[in-house]
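Colleague: Thanks for sitting down with me over this one. Could you walk me through how the chain is put together?

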Amino acid sequence: MAKTLTIIDFMQKFSSEESCKTYLADQKWGDGFVCRRCGFDHAVKGRTRHHRRCGSCRFDESATANTLFHKIKFPLPSAFAMVHLLTTTKKGMSSCELARQFGVHQETAWFFKRKVQLAMKACEEGQQLVENVEVDETFLGGREEGKRGRSKGSKSLVLVSVEVDYSDITRRKAKLKRCRASVIENASGESLKQVLEASVEASAVVTTDGWKGYLSALTGKWHNVEDSAQGANFEALHWHIFNLKNWVRGIHHHVSRDHLQSYLHEFNFRFNNRLKMGQQAIQVLATMAISPKSSYLQLMAA
(Lines give C-alpha, C1' and ligand atoms only; values in the text may rest on other atoms or scores of the structure.)
Protein backbone atom coordinates (compact mmCIF):
# COMPACT_ATOMS: atom_id res chain seq x y z
CA MET A 1 0.00 0.00 0.00
CA ALA A 2 1.22 3.50 -0.80
CA LYS A 3 2.66 5.54 2.02
CA THR A 4 0.24 8.38 1.28
CA LEU A 5 -3.44 7.48 1.05
CA THR A 6 -5.45 10.43 -0.24
CA ILE A 7 -9.21 10.72 0.04
CA ILE A 8 -9.48 9.79 -3.67
CA ASP A 9 -7.32 6.68 -3.15
CA PHE A 10 -9.33 5.76 -0.08
CA MET A 11 -12.74 6.12 -1.73
CA GLN A 12 -11.60 4.11 -4.74
CA LYS A 13 -10.27 1.35 -2.49
CA PHE A 14 -13.48 1.16 -0.43
CA SER A 15 -16.10 2.13 -2.99
CA SER A 16 -18.54 -0.75 -2.42
CA GLU A 17 -20.02 -3.00 0.26
CA GLU A 18 -18.03 -5.83 -1.30
CA SER A 19 -14.64 -4.12 -0.94
CA CYS A 20 -15.41 -3.00 2.63
CA LYS A 21 -16.51 -6.47 3.74
CA THR A 22 -13.49 -8.07 2.09
CA TYR A 23 -11.19 -5.75 4.06
CA LEU A 24 -13.02 -6.40 7.35
CA ALA A 25 -12.94 -10.18 6.81
CA ASP A 26 -9.19 -10.08 6.14
CA GLN A 27 -8.58 -8.06 9.30
CA LYS A 28 -10.96 -10.01 11.52
CA TRP A 29 -9.75 -13.48 10.58
CA GLY A 30 -6.27 -12.68 9.25
CA ASP A 31 -4.60 -14.32 12.25
CA GLY A 32 -6.89 -17.33 12.19
CA PHE A 33 -10.48 -18.24 12.97
CA VAL A 34 -11.84 -18.99 16.45
CA CYS A 35 -15.55 -19.65 16.88
CA ARG A 36 -17.20 -17.21 19.28
CA ARG A 37 -19.66 -19.88 20.44
CA CYS A 38 -17.62 -23.03 20.96
CA GLY A 39 -13.98 -21.94 20.55
CA PHE A 40 -13.27 -24.30 17.66
CA ASP A 41 -10.41 -23.05 15.46
CA HIS A 42 -11.39 -24.30 12.02
CA ALA A 43 -13.88 -22.69 9.63
CA VAL A 44 -15.53 -23.77 6.42
CA LYS A 45 -17.24 -21.73 3.71
CA GLY A 46 -20.15 -19.71 5.06
CA ARG A 47 -23.25 -18.22 3.46
CA THR A 48 -21.15 -15.75 1.47
CA ARG A 49 -17.43 -15.18 0.90
CA HIS A 50 -17.56 -12.70 3.81
CA HIS A 51 -18.89 -15.28 6.28
CA ARG A 52 -17.08 -18.01 8.19
CA ARG A 53 -18.91 -21.13 9.40
CA CYS A 54 -17.57 -23.05 12.38
CA GLY A 55 -16.51 -26.57 11.41
CA SER A 56 -17.83 -27.89 14.73
CA CYS A 57 -21.03 -26.11 15.85
CA ARG A 58 -21.83 -24.75 12.35
CA PHE A 59 -22.31 -21.20 13.66
CA ASP A 60 -22.19 -18.78 10.72
CA GLU A 61 -20.63 -15.36 11.34
CA SER A 62 -20.33 -12.32 9.08
CA ALA A 63 -17.33 -9.99 8.73
CA THR A 64 -19.13 -7.22 10.64
CA ALA A 65 -20.65 -9.36 13.43
CA ASN A 66 -19.38 -8.64 16.96
CA THR A 67 -17.14 -5.80 15.72
CA LEU A 68 -17.58 -2.04 15.95
CA PHE A 69 -19.39 -2.26 12.61
CA HIS A 70 -22.01 -4.58 14.11
CA LYS A 71 -25.49 -3.78 12.71
CA ILE A 72 -24.65 -0.24 11.57
CA LYS A 73 -27.66 1.51 10.03
CA PHE A 74 -26.04 2.97 6.92
CA PRO A 75 -23.84 1.63 4.08
CA LEU A 76 -20.34 0.43 4.88
CA PRO A 77 -18.68 2.75 2.30
CA SER A 78 -20.24 5.70 4.15
CA ALA A 79 -18.96 4.33 7.48
CA PHE A 80 -15.45 3.93 6.05
CA ALA A 81 -15.61 7.48 4.68
CA MET A 82 -16.64 8.77 8.12
CA VAL A 83 -13.60 7.06 9.64
CA HIS A 84 -11.36 8.73 7.07
CA LEU A 85 -12.79 12.19 7.82
CA LEU A 86 -12.61 11.74 11.60
CA THR A 87 -9.01 10.55 11.51
CA THR A 88 -7.39 12.65 8.80
CA THR A 89 -9.24 15.98 8.87
CA LYS A 90 -7.04 18.35 10.87
CA LYS A 91 -9.72 19.19 13.45
CA GLY A 92 -12.05 16.26 12.98
CA MET A 93 -15.79 16.68 12.56
CA SER A 94 -18.78 17.01 14.86
CA SER A 95 -21.60 14.47 14.83
CA CYS A 96 -23.94 17.20 13.55
CA GLU A 97 -21.70 17.81 10.53
CA LEU A 98 -21.29 14.07 9.92
CA ALA A 99 -25.06 13.69 9.95
CA ARG A 100 -25.45 16.52 7.44
CA GLN A 101 -22.70 15.27 5.12
CA PHE A 102 -23.91 11.66 5.03
CA GLY A 103 -27.66 12.13 5.34
CA VAL A 104 -28.12 10.24 8.61
CA HIS A 105 -29.72 11.14 11.91
CA GLN A 106 -27.48 13.09 14.30
CA GLU A 107 -27.82 10.44 17.00
CA THR A 108 -26.76 7.76 14.50
CA ALA A 109 -23.69 9.81 13.57
CA TRP A 110 -22.87 10.39 17.26
CA PHE A 111 -23.16 6.67 18.01
CA PHE A 112 -20.77 5.75 15.20
CA LYS A 113 -18.37 8.56 16.11
CA ARG A 114 -18.17 7.17 19.65
CA LYS A 115 -17.24 3.77 18.18
CA VAL A 116 -14.44 5.42 16.22
CA GLN A 117 -13.26 7.11 19.41
CA LEU A 118 -13.12 3.69 21.12
CA ALA A 119 -10.83 2.46 18.35
CA MET A 120 -8.68 5.58 18.63
CA LYS A 121 -8.28 4.90 22.34
CA ALA A 122 -7.29 1.28 21.62
CA CYS A 123 -4.69 2.43 19.07
CA GLU A 124 -3.00 4.58 21.72
CA GLU A 125 -3.11 2.19 24.67
CA GLY A 126 0.24 1.21 26.11
CA GLN A 127 2.13 4.03 24.38
CA GLN A 128 3.63 6.11 27.17
CA LEU A 129 5.32 9.49 26.90
CA VAL A 130 9.11 9.23 27.20
CA GLU A 131 12.26 11.31 27.76
CA ASN A 132 11.25 14.95 28.46
CA VAL A 133 7.64 15.50 29.52
CA GLU A 134 5.86 18.69 30.59
CA VAL A 135 2.63 18.57 32.57
CA ASP A 136 -0.07 21.03 33.59
CA GLU A 137 -3.78 21.03 34.43
CA THR A 138 -6.54 23.06 32.87
CA PHE A 139 -10.31 23.42 33.05
CA LEU A 140 -12.63 22.69 30.17
CA GLY A 141 -16.01 24.34 30.52
CA GLY A 142 -17.63 27.72 30.83
CA ARG A 143 -16.58 30.59 33.07
CA GLU A 144 -18.12 30.61 36.55
CA GLU A 145 -18.49 33.68 38.71
CA GLY A 146 -16.60 33.44 41.99
CA LYS A 147 -14.60 30.36 40.94
CA ARG A 148 -10.84 30.88 40.92
CA GLY A 149 -7.65 28.84 40.85
CA ARG A 150 -8.20 25.09 40.96
CA SER A 151 -11.78 25.38 42.20
CA LYS A 152 -13.65 23.02 39.90
CA GLY A 153 -17.31 24.02 40.06
CA SER A 154 -19.18 22.46 37.14
CA LYS A 155 -16.13 22.57 34.87
CA SER A 156 -14.01 19.52 34.06
CA LEU A 157 -10.42 19.35 35.25
CA VAL A 158 -8.04 17.91 32.64
CA LEU A 159 -4.41 16.90 33.06
CA VAL A 160 -2.39 17.61 29.90
CA SER A 161 1.02 15.99 29.36
CA VAL A 162 3.28 16.52 26.35
CA GLU A 163 6.47 14.81 25.22
CA VAL A 164 8.82 17.55 24.08
CA ASP A 165 12.01 18.06 22.11
CA TYR A 166 14.05 20.99 23.41
CA SER A 167 15.54 22.32 20.20
CA ASP A 168 16.27 25.76 21.63
CA ILE A 169 16.80 25.51 25.37
CA THR A 170 17.97 29.11 25.76
CA ARG A 171 14.61 30.45 24.56
CA ARG A 172 12.74 27.66 26.41
CA LYS A 173 10.80 26.71 23.31
CA ALA A 174 9.92 23.09 22.75
CA LYS A 175 8.69 21.09 19.80
CA LEU A 176 5.85 18.82 20.79
CA LYS A 177 6.11 15.17 19.79
CA ARG A 178 3.22 13.36 21.47
CA CYS A 179 0.54 14.16 24.02
CA ARG A 180 -1.94 12.82 26.56
CA ALA A 181 -5.01 14.56 28.00
CA SER A 182 -7.00 12.93 30.79
CA VAL A 183 -9.97 13.98 32.89
CA ILE A 184 -9.15 13.98 36.62
CA GLU A 185 -11.42 14.40 39.62
CA ASN A 186 -9.13 16.85 41.40
CA ALA A 187 -5.54 18.07 41.48
CA SER A 188 -4.51 16.04 44.51
CA GLY A 189 -1.30 14.04 44.45
CA GLU A 190 -3.24 10.77 44.39
CA SER A 191 -5.28 11.74 41.30
CA LEU A 192 -2.25 13.11 39.48
CA LYS A 193 -0.14 10.06 40.30
CA GLN A 194 -2.72 7.62 38.95
CA VAL A 195 -2.80 9.31 35.54
CA LEU A 196 0.93 10.04 35.28
CA GLU A 197 1.95 6.47 36.12
CA ALA A 198 -0.26 5.20 33.30
CA SER A 199 0.76 7.77 30.69
CA VAL A 200 4.42 8.65 31.43
CA GLU A 201 7.34 6.22 31.34
CA ALA A 202 9.08 5.74 34.71
CA SER A 203 12.45 6.93 33.35
CA ALA A 204 11.08 10.18 31.85
CA VAL A 205 12.12 13.60 33.16
CA VAL A 206 8.91 15.38 34.15
CA THR A 207 8.77 19.17 34.42
CA THR A 208 5.88 20.87 36.23
CA ASP A 209 5.05 24.13 37.93
CA GLY A 210 5.19 24.42 41.73
CA TRP A 211 1.78 22.93 42.50
CA LYS A 212 2.25 20.78 45.63
CA GLY A 213 0.22 17.86 44.28
CA TYR A 214 3.04 17.01 41.86
CA LEU A 215 5.54 16.53 44.68
CA SER A 216 3.84 13.39 45.95
CA ALA A 217 2.57 12.32 42.51
CA LEU A 218 6.09 12.17 41.07
CA THR A 219 7.92 10.61 44.00
CA GLY A 220 10.61 8.33 42.60
CA LYS A 221 10.64 10.01 39.18
CA TRP A 222 13.00 12.61 37.72
CA HIS A 223 11.03 15.74 38.59
CA ASN A 224 11.93 19.32 37.66
CA VAL A 225 9.98 22.16 39.23
CA GLU A 226 9.96 25.40 37.27
CA ASP A 227 8.09 28.62 37.83
CA SER A 228 5.42 28.99 35.17
CA ALA A 229 5.98 32.76 34.79
CA GLN A 230 2.36 33.03 33.63
CA GLY A 231 3.00 30.42 30.96
CA ALA A 232 6.19 31.88 29.51
CA ASN A 233 8.33 28.92 30.66
CA PHE A 234 5.85 26.39 29.25
CA GLU A 235 5.00 28.16 26.03
CA ALA A 236 4.60 25.10 23.78
CA LEU A 237 2.55 23.22 26.38
CA HIS A 238 0.23 26.19 26.91
CA TRP A 239 -0.25 26.62 23.16
CA HIS A 240 -1.21 22.95 23.04
CA ILE A 241 -3.78 23.51 25.81
CA PHE A 242 -5.07 26.57 23.97
CA ASN A 243 -5.54 24.47 20.80
CA LEU A 244 -7.34 21.76 22.79
CA LYS A 245 -9.80 24.28 24.22
CA ASN A 246 -10.36 25.88 20.83
CA TRP A 247 -11.01 22.44 19.32
CA VAL A 248 -13.71 21.67 21.88
CA ARG A 249 -15.33 25.09 21.53
CA GLY A 250 -14.96 25.44 17.79
CA ILE A 251 -15.84 21.97 16.54
CA HIS A 252 -18.12 20.60 19.22
CA HIS A 253 -19.22 23.79 21.05
CA HIS A 254 -19.94 21.72 24.15
CA VAL A 255 -18.96 18.25 25.37
CA SER A 256 -20.62 16.77 28.45
CA ARG A 257 -18.42 15.75 31.34
CA ASP A 258 -19.65 12.16 31.00
CA HIS A 259 -18.19 11.83 27.48
CA LEU A 260 -15.30 14.32 27.62
CA GLN A 261 -12.62 11.62 28.01
CA SER A 262 -13.72 9.97 24.76
CA TYR A 263 -13.26 13.27 22.92
CA LEU A 264 -9.84 13.67 24.54
CA HIS A 265 -8.90 10.22 23.19
CA GLU A 266 -9.84 11.51 19.73
CA PHE A 267 -7.75 14.66 20.18
CA ASN A 268 -4.77 12.65 21.46
CA PHE A 269 -4.93 10.17 18.58
CA ARG A 270 -5.17 12.80 15.87
CA PHE A 271 -2.26 14.82 17.30
CA ASN A 272 -0.02 11.80 17.91
CA ASN A 273 -0.61 10.43 14.39
CA ARG A 274 -0.52 13.76 12.52
CA LEU A 275 2.55 12.75 10.51
CA LYS A 276 1.29 9.39 9.23
CA MET A 277 0.26 10.80 5.84
CA GLY A 278 -3.26 9.43 5.50
CA GLN A 279 -2.66 6.02 7.10
CA GLN A 280 -4.56 6.94 10.28
CA ALA A 281 -7.85 5.76 8.78
CA ILE A 282 -6.42 2.32 7.94
CA GLN A 283 -5.08 1.96 11.47
CA VAL A 284 -8.47 2.77 13.00
CA LEU A 285 -10.41 0.57 10.56
CA ALA A 286 -8.17 -2.40 11.36
CA THR A 287 -8.72 -1.83 15.08
CA MET A 288 -12.51 -1.54 14.64
CA ALA A 289 -12.52 -4.86 12.77
CA ILE A 290 -11.05 -6.74 15.75
CA SER A 291 -12.70 -4.79 18.59
CA PRO A 292 -15.83 -6.23 20.26
CA LYS A 293 -19.20 -4.65 19.52
CA SER A 294 -20.47 -1.93 21.83
CA SER A 295 -24.15 -1.17 22.30
CA TYR A 296 -25.71 2.28 22.49
CA LEU A 297 -26.39 1.84 26.22
CA GLN A 298 -22.78 0.80 26.82
CA LEU A 299 -21.49 3.90 25.03
CA MET A 300 -23.91 6.15 26.88
CA ALA A 301 -22.62 4.77 30.15
CA ALA A 302 -18.95 4.97 29.15
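Modeller: Gladly! A contact here means heavy atoms within 4.5 Å. Please keep in mind that this is a predicted model.

Colleague: What share of the contacts with a separation of 6 or more is between residues 24 or more positions apart?

Modeller: Take the contacts in the chain whose partners have a separation of 6 or more. Among these, residues 24 or more positions apart account for 62%.

Colleague: How many helices and strands are there, and what percentage of the residues is buried?

Modeller: The chain holds 11 helices and 8 strands. Buried means under 20% relative accessible area. By that cut-off, the buried part of the 302 residues is 48%.

Colleague: Which element gives the largest share of the largest nonpolar core?

Modeller: That core has 41 residues, and F69, F80, F112, V284 and M288 touch the most other members. Two or more residues each come from α2 (17-29), α3 (76-88), α4 (95-102), α5 (106-124) and α10 (280-290). The largest share is 7 residues, and the element giving it is α10.

Colleague: Which residues does F112 touch, leaving out those up to four places away in sequence?

Modeller: F112 is one of the residues that touch the most other members of the largest core. With residues up to four places away in sequence not counted, F112 touches L68, F69, I72, F74, A79, M82, V83 and M288.

Colleague: How many residues make up the second core?

Modeller: This core is separate, and V158, A236, I241 and V248 are among its members. Its size is 23 residues.

Colleague: How far apart are the centres of the positive and negative side chains?

Modeller: There are 44 positive and 31 negative side chains. The centres of these two sets are apart by 6 Å.

Terms used:
Residues are numbered from 1 along each chain as its sequence is written. This is a predicted model: local features need pLDDT of at least 70, side-chain atom pairs count only at pLDDT 80 or more; totals for chains, interfaces and linings use all residues. Side-chain values use heavy atoms; hydrogens and water are left out. A nonpolar core is a set of buried Ala, Val, Leu, Ile, Met, Phe, Trp, Tyr and Cys residues joined through side-chain atoms within 4.5 Å. Buried means under 20% relative accessible area, exposed over 50%, partly exposed in between (1.4 Å probe, protein chains only). Helices (H or I, at least four residues) and strands (E, at least two) are DSSP runs, numbered from the N terminus. Lys and Arg count as positive and Asp and Glu as negative; His and the chain ends are not counted. The place of a charge is taken as NZ of Lys, CZ of Arg, CG of Asp or CD of Glu.
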